[in-house]
Amino acid sequence: GKPNAEEQDKVKVLVSFMLDNYAHIFAVPEDLEAEVKRRLQEEKSRQQASCGGDTFCQKITTEEYAEQARIGSNEAVTQLLDGILSNPRFSQKEKKKKLKEFQRVYPDIYRLRFPDDTVPVASRRSSL
């Protein structure tokens, strides 16, 4: 049934106590927090110590990483250029349009491939 006045008073006291002491009541025990931090640190150390399997790990500088990323990106973009030149599904007009766009977006790589700014004649006949 309906709670009587004494039960309501007990509920009010309990809720009041919980509101006054919520930080202590819901605080994570220090020993539990320390144990979780220790285990997380162990796991982090374990992951840093091994790359898994037959993988070789070597720390590199930020500059070396940036250079590796640049080289990898340039290789992928060069493959894209090769794909444009060799794709038989593109008409000559489509290839010219894609090459112009490529030249606009990747001028440095385009210049490396076509230093005199012309597509080789053999490539035009067979690829374009």
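The side chains of arginine 46 and glutamate 43 form a salt bridge with an N to O distance of 3.0 Å, where a salt bridge is a side-chain nitrogen of Lys or Arg within 4 Å of a carboxyl oxygen of Asp or Glu. The model is predicted, so local features need pLDDT of at least 70 and side-chain atom pairs count only at pLDDT 80 or more, while totals for chains, interfaces and linings use all residues. Residues are numbered from 1 along each chain as its sequence is written, and side-chain values use heavy atoms, with hydrogens and water left out.

## Exercise 1: the chain as a whole

Task: state how many helices and strands there are in the chain, and what percentage of its residues count as buried.

Solution. Begin with the secondary structure, taken from DSSP runs numbered from the N terminus (helices are H or I, at least four residues; strands are E, at least two). The chain has 7 helices and 0 strands, and along the sequence this reads α-α-α-α-α-α-α. Next comes burial, for which buried means under 20% relative accessible area, exposed over 50%, and partly exposed in between, with a 1.4 Å probe and protein chains only. Of the 128 residues of the chain, 12% count as buried. Finally, the chain exposes about 11,200 Å², of which carbon and sulfur atoms supply 55%; accessible areas come from the Shrake-Rupley method with a 1.4 Å probe, and for residues only the protein chains shown count as cover.

## Exercise 2: salt bridges

Solution. Glutamate 42 counts as partly exposed at 35% relative accessibility, as does arginine 38 at 39%.

The side chains of arginine 113 and aspartate 82 meet at 2.5 Å, N to O, in a salt bridge. Arginine 113 is partly exposed at 34% relative accessibility, and aspartate 82 is partly exposed with a relative accessible area of 30%. Salt bridges that share partners also join Glu35, Arg38, Arg39 and Glu42 into one network, and the count of salt bridges comes to 9.

## Exercise 3: the nonpolar core

Task: identify which residues make up the largest nonpolar core, and which helix gives the most to it.

Solution. A nonpolar core is a set of buried Ala, Val, Leu, Ile, Met, Phe, Trp, Tyr and Cys residues joined through side-chain atoms within 4.5 Å. The largest one has 9 residues, namely Val77, Leu81, Ile84, Leu85, Leu99, Phe102, Ile109, Tyr110 and Phe114. Helices α4 (62-86), α5 (92-105) and α6 (107-113) each supply at least two residues of this core, and α4 gives the most, with 4 residues. Leaving aside neighbours within four places in sequence, isoleucine 84 is in contact (heavy atoms within 4.5 Å) with Phe90, Lys95, Lys98, Leu99 and Phe102.

## Exercise 4: an aromatic pair

Task: classify the arrangement of the rings of phenylalanine 102 and tyrosine 106.

Solution. Rings of Phe, Tyr and Trp (its six-membered ring) pair if their centres lie within 6.5 Å, and planes under 30 degrees apart count as stacked, over 60 as edge-to-face and the rest as tilted. The count comes to 2 aromatic pairs. In the pair of phenylalanine 102 and tyrosine 106, the centres are 5.1 Å apart and the planes are at 45°, so the pair is tilted. Phenylalanine 102 is buried, with a relative accessible area of 3%, whereas tyrosine 106 is partly exposed at 31%.

## Exercise 5: a nonpolar surface patch

Task: determine which residues make the nonpolar surface patch of about 650 Å², and where phenylalanine 26 is found.

Solution. Patches are made of residues with over 30% relative accessible area and no salt bridge, with like charges joined within 9 Å and nonpolar side chains (Val, Leu, Ile, Met, Phe, Trp, Tyr) within 5 Å. The residues here are Leu14, Phe17, Met18, Tyr22, Ile25 and Phe26. Helix α1 (5-20) and helix α2 (22-25) each supply at least two of the patch residues, and the largest share, 3 residues, comes from α1. Phenylalanine 26 is found in the loop between α2 and α3 (30-49), and is exposed because its relative accessible area is 62%.
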